[in-house]
Amino acid sequence: MSTTALYNDQQGGAEAAVEAGQETTATISSGGAAFGLFSTDFKKNEDLKEMLESNKESLKLEAMKRIVQLISKGKNASDLFPAVVKNVASKNIELKKLVYVYLVRYAEEQQDLALLSISTFQRALKDPNQFIRASALRVLSSIRVPIIVPIMMLAIKEAASDLSPYVRKTSAHAIQKLYSLDADQKEHLIEVIEKLLKDKSTLVAGSVVVAFEEVCPDRIDLIHRNYRKLCNLLVDVEEWGQVVIINMLTRYARTQFTSPWKEDGIFDESEKAFYDSDSEEKQGQREAKPYIMDPDHRLLLRNTKPLLQSRNTAVVMAVAQLYWHLAPKHEVSIVTKSLVRLLRSHREVQYVVLQNIATMSIQRKGMFEPYMKSFYVRSTDATHIKTLKLEILTNLANEANISTILRGFQTYVKSQDKAFAAATIQAIGRCATNISEVTDTCLNGLVLLLSNRDETVVAESVVVIKKLLQTQPTQHCDIIKHMAKLFDNITVPMARASILWLMGEYCERVPKIAPDVLRKMAKTFTSEEDIVKLQTVNLAAKLYLTNSKQTKLLTQYILNLGKYDQNYDIRDRTRFIRQLIVPSEKSGALNKYARRILLASKPAPVLESAFKDRDRFQLGTLSHSLNIKTTGYQELSDWPATAPDPSVRNVEVIEPVQEWAPSLGKAKKPKSDKFYSDDEEDEKEEEGSGSGSEDDSSSSSSSSSSSGGSSEESGSASEEESSGDSEKTSSDSGKSSSGSEVSSSESESKQKKKKLTKKATPRKSKQTAADSDSDENGNGPVGKTSSSSAESSSDSESDSEEDSDSDSPAPQKKTVAKTKPKVEVKSKKEVSLLDLDDFSPAPPSAPKSSVFSSSLLSDLEGLSLSNVSSAMQVTSSSFGPVKTYELLHHMTGKGLSAKYHFPRQPCLYQPSMVAVQVILTNSSDHSLEEIHIGDRSPGSLNVHCFNTVERLEPGASVSVSMGIDFSDSTQAANFQLCTKEDQFSVSIQPAVGELLMPSTMKEPDFCSEQKKLMGMNETSATITMATANTSKQNISKQVLSVANVGVVSSDQNNLQRFSGRTVSSGALVLVTLELRESSTALLTINTEKTVMASMLLRDLKQALSQA
Amino acid sequence: MINSLFLISHSGDIFLEKHWKSVISRSVCDYFLEAKEKAGDPENVAPVLQTPHHYLISIYRGKLFFLSVTQTEVPPLFVIEFLHRVADTFQDYFGDCSEVVIKENTVTVYELLEEMLDNGFPLATESNVLKEMIRPPTILRSVVNTLTGGSNVGGTLPTGQLSNVPWRRAGVKYTNNEAYFDVIEEIDAILDKSGTTVFAEIQGVVEACVKLTGMPDLTLSFMNPRLLDDVSFHPCVRFKRWESERVLSFIPPDGNFRLMSYHVSSQNLVAIPVYVKQNISFLETGSCGRLDITIGPKQTMGKSVENLTVTIPMPKSVLSVNLTATQGTYTFDLTTKVVLWDVGKLNPQKLPNLRGSISIQTGSPKPEENPSINIGLQIQQLAISGLKVSRLDMYGEKYKPFKGVKYVTKAGKFQVRT
């Protein structure tokens, strides 16, 4: 009873004291005199001291808790040091820990007193419990007192050879602490690092690499012999260690391996990846010295890949940057999906990842293009996220997607976030310069923005228009005139200055307006901003040179005003200009050249990304994020011209792993083991150590299916496999020897994959993996070499999937005619195999979707929403003459000729397809059999083929229909037209008008829809029509011949309206023809698809001007 | 790596500091506070900042800034990820991550931070390991502790850190052995004015609550794993098994954890569960506008839509709104200008409607852009992607666990442009 009472009492008192203390601190700190703290706090600290010196553990604990609270608030509690340090040897763990916290915080300030605690730690370092040893070392090394450096050094050395990996890990951390305390110890510390680098525990690996990076990042030589071990341990290291190791290995690899990119410059896409032995022959014919990736280089890439699936965003980013800096160009794209996944994480993560994507997307558009939608801006995003997304969208813009992007930009411009709206305008400007097709559209849009209510938007538009006009000094005087008109209303100095500059630069194009603007400026000169004044002086000078009659006096007036301006810049400029343009005795020779100086043609500014120069930094680093070189940043070196000796990474004797924890090496990757079996040297080593590691691998492999033995020394399994493999490969035409190591688990997985693909493909077979391999090889009677090479390369876990992907169509072409059914099955199978393969870059190709769970797809398709609003419906009928195009001439087609036309009917197969009618005629003297469409290259347009025509008699002709999804572009559909013997490459390129389907709508609907599609979505031109075409009927006939649109009935006589929708996306296309006097007409097209609009405009113009 | 950590409240008050290397004066935060002032909205503060001698990396969670100071090159994501892990740990320990809670538990927070980093490098970030060393505070324990003088710090030292399954503590015992999995999917979508989907995708997570005795080895398989386009896993999942067999094989951590998160292949069409008929217009003349919103079910697979909310951030010039809702209640926040309409359960027979007038500050121009509408909703017992768990098997232990799977679909960033 008494205890409790006492306790409560004391507690209450202490609490009051704390409160009082807090109050005083608050008042004092506001007064700015922190010194007074001690005197007023005296009472409270006395109180705490008493509590600490009492015999009750609970009181001590309570006191320590309060002290820690003080520390956490940043208040000074250093005067309690003597009282606290006495408790360092306390039995109570919590109390002890809190004392440690205190000690570490104040030891630096109270060095002498801190020494009192050292002996306790020294004793604890010998404790039988590993945790006590570790925590003693941790605290000891955290006490920043220079006197104890020798003690720390000794302790670290001892701990580095401790039996417990946990203690060794702690010693790795201690190395950095000691180094920061006393850099003179470097040499000794490097010795310890060297020792710890050899450690095989996953626990130690991360920490020692951190120490390495901090103490001696340039001692690359220490890594050599641990390189393979680090690669193999990587998956099992804790996530934070993974990040550090991956970053370090990136740097290492850049110094040790040759560039895998060299090839890319020489060969085109399809011939990039010849690292595999089976393709070496082919390559040898073309290029003398092939690039072969160092197996260690491949090992690194392979072992880091699974980490892309980590939940830790830093790990994913680290792997992504590793691939970006080290992988062959075509493999980099496997990181895309994971990076895009990170965008769903926290705002801060998004920020950093977007920065990195921005840098990547400048160099490699293709990588992120399929994921464009992920970069769409949301109104809820933070401003810096929005601007980064905008940056990326701009980088990704190309002819195909620009209309979508611009449509998005139109929404963004209206954003309430004005900083973002301004950034959008900049982005539009960049798109306009990069993609010439939309320059005019963008300019028009920007001019519209000039009448925006918001000033920042207007100002930004002016600045961007100025830049655009400069890059395209064609006839844009309309815009300049328009801007001159707006000039009075624009108040933002930058914008005013820009307009003045434009006037001056193109004063000869607007001879009437420019002097008038100058006149206005003369009036307001004194009240303008400096930047505007400077440009006024410029304008005056330029006008003086071109049109001195009108502007001489004005110029002199302005120059006089400038002479007495307050700003010396302006006075300077005025003096300079006066000397330059006004002839006088002093001015001399320069005067003659004044015109050439001032009106020289200026190079257009390049509108480029702000991330252009960031690629000088390693991705994912702080330096990259801030775009400055931070302290401690390690440059990524260039690839060496010739690789340093790879044998330095060889390890002679490998002992079986002595793990403290029984099965620490779980989930080792058999893949990597395989890799070494290539290498003769390594194989020998493995043989040597095989006996030692056998039990190791067998025990671990039994524990879980994913484990295949630990690290490189488990050669036993791999040897079995490689022997099995060699048998197999010898039965293959003996071509691929190293390419086809399939581990047991892998072949199992292959089998699974095959099963899965078989579900998707009609073929049923139940062989084992090995069987099916040989079976397939046996099945291919013709073109055996080509098929087997494709087979082996796709089966093997080698690097050439890409290669076989792009290569395989070529040999198939030869065989396809003769062994049609077989090859078809095979090719299908191959595609799906490749899709599932390790290194296939996320393919947005058609075959994949067929593999994807078709049932669900169809389920959802039924539910899909129609995006056509109910007011308007697409009609099918339209009249007009049918144009027939030649698909295949009978000379090239060896008797088979084909013609096609667009029947302008909705396609039966899929609504997004354009129907095409093909007429096949046999003009040879023998009958043709099995006319069908052969396989298409993956990634081409989606084509619905016609059914095979079994037999076509001489002279006969047959009409078949097919559907092609052009996805609203005039890209040609390429495919093979095959007969039993031959195959011919043909292509159908649609006129833009055929990509439309008519839609009926009433005039009011038309007008309202048209209003929605103003601005950038409007394209118009004045055309002169042939006299024959002036009647209303003739016009519609001509229009309908060009485009598959519907007539909108109208009661206005001089207006003709047509409406249609694009077949694929259903975007509305509205055509208006306004007749004017003397057979001219204004043709306007309103659609979201701006590229289509300009093409359609061209076609219509041509048709209407012809008789 | 990480030198110091400062916790700064929404208003700019630095209420906790912790140093892992030499002490860095809290005056370094001034640079940050300046940037925060400039940015206005705390969301707009750049996460990575530079000062003359230090680099500041910060996150914003639960109205708190976690500001870390570093002096040398470090991958920014490394720090950001760690800071979020710290915030997650606080959430896990105290049920909330706010200023009040952290101030209440300063000592525990300090002990945690001490264990999580050593010399600025993460040491123990697994919740299971931490909980063995520092017990989360509960009311019962704090009462017991005050009476007995016991402590929150575990008497035993953690074993998890050393084992090959560092995420699971040893010697777990339960009388009721159970394993629950929640498949939670979120639809992120942008719909345009006419209701056409501009962009839609499904993100999902599998949250697990596993309370099993001993060292169970679980295998979770899906009916249709091919739906999953991109996945990331808790470190416990064996990646090789997933690659080869598309099953999740793992020794689970004890308690609640996120087993995996995934993204559903973009090739599949995303079913949009509701449609929104809206008409928001501001009159050119006069200072008012009209608003009319109706929501109806679209593709709900026969399930009912619950917890339906509609959030409309109005333009700044809007003074007040006068609306009537046929169902649920609406509120208008005068400072943030956000209309929040809490609809509740969607009744397909009688579609909820919100209509009325908006009044705008006199004299201010008509807003250029109509506000976008954000939808929140929940559908129980449905994973909108069609993902289904097929079975859960347990190896390594003898007993029969109780198993359960729950599906929920939610709206993520679901936005309707107007």
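In strand S22 of chain B, B:Leu392 stands opposite B:Leu220. The model described here is a predicted one.

The two strands concerned, S10(B) and S22(B), the latter covering residues 389-395, run antiparallel to each other and are joined over six bridges. S10(B) also pairs in the antiparallel sense with strand S12 (residues 247-250) of chain B, over four bridges, and there the bridge partner of B:Leu220 is B:Leu248.

| S12(B), residues 247-250 | four bridges | B:Leu248 |

Because six of the six residues of S10(B), residues 217-222, are buried, the strand is largely enclosed by the rest of the structure. In a regular strand the side chains alternate between the two faces of the sheet. Here B:Asp217, B:Thr219 and B:Ser221 are buried on one side, while B:Leu218, B:Leu220 and B:Phe222 are buried on the other.

The largest nonpolar core has 259 residues, and B:Phe66 and B:Phe90 have the most contacts inside it. Another core, of 74 residues, lies apart from it and has B:Phe222 and B:Phe250 among its residues.

Where chain B meets chain A, the contact takes 114 residues from chain B and 119 residues from chain A, and the buried area is about 10,400 Å², with carbon and sulfur atoms giving 57% of it. Between the two chains there are 10 salt bridges; A:Glu239 and B:Arg85 form a salt bridge in which the closest N and O atoms are 2.7 Å apart. On the side of chain B that touches chain A, helix H2 (residues 76-94) of chain B gives the most, with eight residues.

Conventions: Residues numbered from 1 in each chain as written. Chains lettered and ligands numbered in written order. Predicted model: local features only at pLDDT ≥ 70, side-chain atom pairs only at ≥ 80, totals over all residues. Heavy atoms only, no water. Core = buried A, V, L, I, M, F, W, Y, C linked by side-chain atoms within 4.5 Å. Buried < 20%, exposed > 50% of the residue type's maximum accessible area, 1.4 Å probe, protein only. Pairing = 2+ DSSP bridges. Contact = heavy atoms within 4.5 Å. Buried area = accessible area lost by both parts, 1.4 Å probe. Salt bridge = Lys/Arg side-chain N within 4 Å of Asp/Glu carboxyl O.
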